[in-house]
Amino acid sequence: SCAELDPYANSCTASSSRTGSLTINGDTATIVNEYSKVCNSNWVIGYLNTSAKDAGWQIALSVSTTDSSRDSEFTCIPDPESMGIFGNLDEYCSGYYAGATGWPAWTDMVDGTHFTYGTIDMYNSAGAYEGHATANQ
């Protein structure tokens with residue numbers, strides 16, 4: 001499995017996608033749950049529309065599943081790997097992402113054998129939680 005690996009650095013292309021979004025006063029956060037048949041893996045992508053970026057909104061992204069060995073897998077951003085600390089099958093994240101390295105943002109992959117759950121949390125410019133959207137497949 002390609003769990004814990006970057007989908008784009010490992011040439012995984014999506015063969016199916018599910019999308020969800022949350023809009024608050026015209027500011028929209030979107031999540032896309034991607035599945036790659038070639039890599040048998042899922043990951044999620046998140047982005048904000050222009051008005052949400054201009055308003056200083058921030059996100060946190062996660063994807064989880066039970067892998068082919070029946071172990072839990074959870075990846076997220078901002079994640080420990082961005083600080084040079086490699087996670088286990090479950091990554092632990094804190095803080096928010098506001099586009100520091102560009103858009104869209106994406107997680108590492110999880111095993112795609114079973115159903116996966118993707119979530120985008122949306123925070124305002126002061127860091128207050130405003131809501132979430134999901135994309136599962």
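Colleague: Is Cys76 buried or exposed, and how do I read that?

Modeller: Buried means under 20% relative accessible area. Cys76 has a relative accessible area of 2%, so this residue is buried. Do keep in mind that this is a predicted model.

Colleague: Which cysteine does Cys76 join, and what is the S to S distance?

Modeller: Two cysteine sulfur atoms within 2.5 Å count as a disulfide. Here Cys76 is joined to Cys93, S to S 1.8 Å. Cys76 belongs to strand E5 (residues 72-77) while Cys93 sits in the loop between E5 and E6, so the pair ties together parts that are 17 residues apart in sequence. The torsion about their S-S bond is about 90°, so this disulfide is right-handed. As for Cys93, a relative accessible area of 33% makes this residue partly exposed.

Colleague: How many disulfides does a search of the whole structure find?

Modeller: The search finds 2. Cys12 and Cys39 form a disulfide too, with sulfur atoms 2.0 Å apart. Cys12 lies in the segment before strand E1 (16-24), and Cys39 in the loop between strand E2 (27-36) and strand E3 (41-48), so this pair ties together parts that are 27 residues apart in sequence. Their link is left-handed, with -95° about the S-S bond, and both Cys12 and Cys39 are buried. With the bonded cysteines numbered in sequence order, the pairing reads 1-2, 3-4.

Colleague: Where is Thr107, and what is this residue in contact with?

Modeller: Thr107 is in the loop between strand E6 (105-106) and strand E7 (110-111). Beyond its neighbours within four places in sequence, its contacts include Cys76, Pro7, Trp43 and Leu61. Thr107 is buried, with a relative accessible area of 0%.

Note on methods:
Residues numbered from 1 in each chain as written. Predicted model: local features only at pLDDT ≥ 70, side-chain atom pairs only at ≥ 80, totals over all residues. Heavy atoms only, no water. Helix = DSSP H or I, 4+ residues; strand = E, 2+ residues; numbered from the N terminus. Buried < 20%, exposed > 50% of the residue type's maximum accessible area, 1.4 Å probe, protein only. Contact = heavy atoms within 4.5 Å.
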